[in-house]
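Please look over the structure below, and then follow the paragraphs that lead from the whole chain to one of its helices.

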Amino acid sequence: MASSPHNHQNEHNDDNHHLVLNGDGKTHVTKKPRLSSFITESEIRSEFAHHDPAVARINNGSFGCCPAFVIEAQRVWQRRFLAQPDDFYFNGLKKGILHSRTLIKGLINAEHVDEVSIVDNATTAAAIVLQQTSWAFSQGKYDKGDAVVMLHYAYGAVKKSIEAYVTRAGGHVIEVPLPFPVNSNEEIVTEFRRALERGKANGKRVRLAVIDHVTSMPCVVIPIKELVKICREEGVDQVFVDAAHGIGCTRVDMKEIGADYYASNLHKWFFCPPSIALLYCRKSPKVVDLHHPVVSHEYGNGLAIESAWIGTRDYSPQLVVPSALEFINRFEDGIEGIKKRNHEEVVKMGKMLSNAWGTHLGCPPEMCASMIMIGLPACVGISSEKDTMKLRTHLREEFGVEVPLYYRAPKDGEIGSITGYARISHQVYNKVDDYIKFRDAVNKLVSDGFTCSLLST
């Protein structure tokens, strides 16, 4: 846990510190010296005391989390706007967002701050990139039938965006089929190469590859550096990495990855309040065609400036990146230490659950980050996506367990195979008891002879 001289215990009530907004728009915290170097377990519990104590919250991947320290910093920004909105707009907002962008630039090893924009979420970032692709088809820069390649396990909202922007404009969409469970990166690379070949058939070109860094459901860390390299070798025009689970979850380095565009939420694994995402756009002549889909007064001044003002709204999530980073640096080795410990713990808990249920993990441990898939006992009878939603609701309402579930259709000839998987996450607030609660809930369902067919529609 990276050392910090500050004590943030009991953010709301003790007088050891308070939040101050200076004229530069930056949030600063003044406090008495810490008695210990790193955040303690009791301080972590205090930071997340607003979580529902009755629920085993092992689904950080969906909505993330925000500690009390950052929530309070957000409230300071919100109160500043409400107290004097004109001063906030003219003297605080732009400076504050630039400061956040500058910090993000360093975190992702971008070349220049102008390559970093802040938007609402990764879905908005995808719309920005796909809007440009749509215009290229509509304006005749791309030929009808040229391809956009995406993974079969691409996030549902991104698939819808591709349908809305690319398919309607005349682009041909090719999905890369991926096996699940997956056993190696080679399986992913082989299928990706085949998809690119299909995209180049009949003299057509692959104009854009949309590649997840960490797929959402089922969750697997994708070998993006290798796939980006293959795209360059095969003449793919542009590469967009959808990394909703990127920053704070796995290694993120723009110079290593080499993509044209990279989007990542900061409210999932970087402790910011919802919602905030970065969109990295590598400097090139094509970037001038990128625009925020909400057009306001800053249109034409570059994507980063356009995104920093899209009308009156709550910009506080974009302004608390310094506070989130300060919270992170209270942990040993900062964000690197958090990622390492989350990975180790989620693998340990995944193995504990799979051993208890006599099932298996959805991928090797080295192919997961802070989330992992575990097979559920086949006898619970998951036979559709509808079953996963019914069972998830049952686990929430009857056992106080919040965990997303995935349906894998059986292959031809498979009988009695595992068709249901759970995706567990691990974040700093999680305890072993959270996963034991899940284990015991499933064990009780099995011992009671439960099947999903018993649940009402």
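**From the chain to a helix**

The mean positions of the 52 positive and 54 negative charges of the chain lie 2 Å apart, where Lys and Arg count as positive and Asp and Glu as negative, with His and the chain ends not counted, and where the place of a charge is NZ of Lys, CZ of Arg, CG of Asp or CD of Glu. This is a predicted model, in which local features need pLDDT of at least 70 and side-chain atom pairs count only at pLDDT 80 or more, while totals for chains, interfaces and linings use all residues. Residues are numbered from 1 along each chain as its sequence is written, and side-chain values use heavy atoms, with hydrogens and water left out.

The chain holds 15 helices and 14 strands, which are DSSP runs (H or I, at least four residues, for helices; E, at least two, for strands) numbered from the N terminus. Of its 457 residues, 56% count as buried, meaning under 20% relative accessible area with a 1.4 Å probe, protein chains only.

Within α14, the buried residues are D387, T388, K390, L391, R392, H394 and L395, and their cover includes β12 (401-402), β13 (405-407) and α15 (432-447), judged by contact, that is, heavy atoms within 4.5 Å. After α14 comes G400, with a positive phi near 65 degrees.

Key:
Buried means under 20% relative accessible area, exposed over 50%, partly exposed in between (1.4 Å probe, protein chains only).
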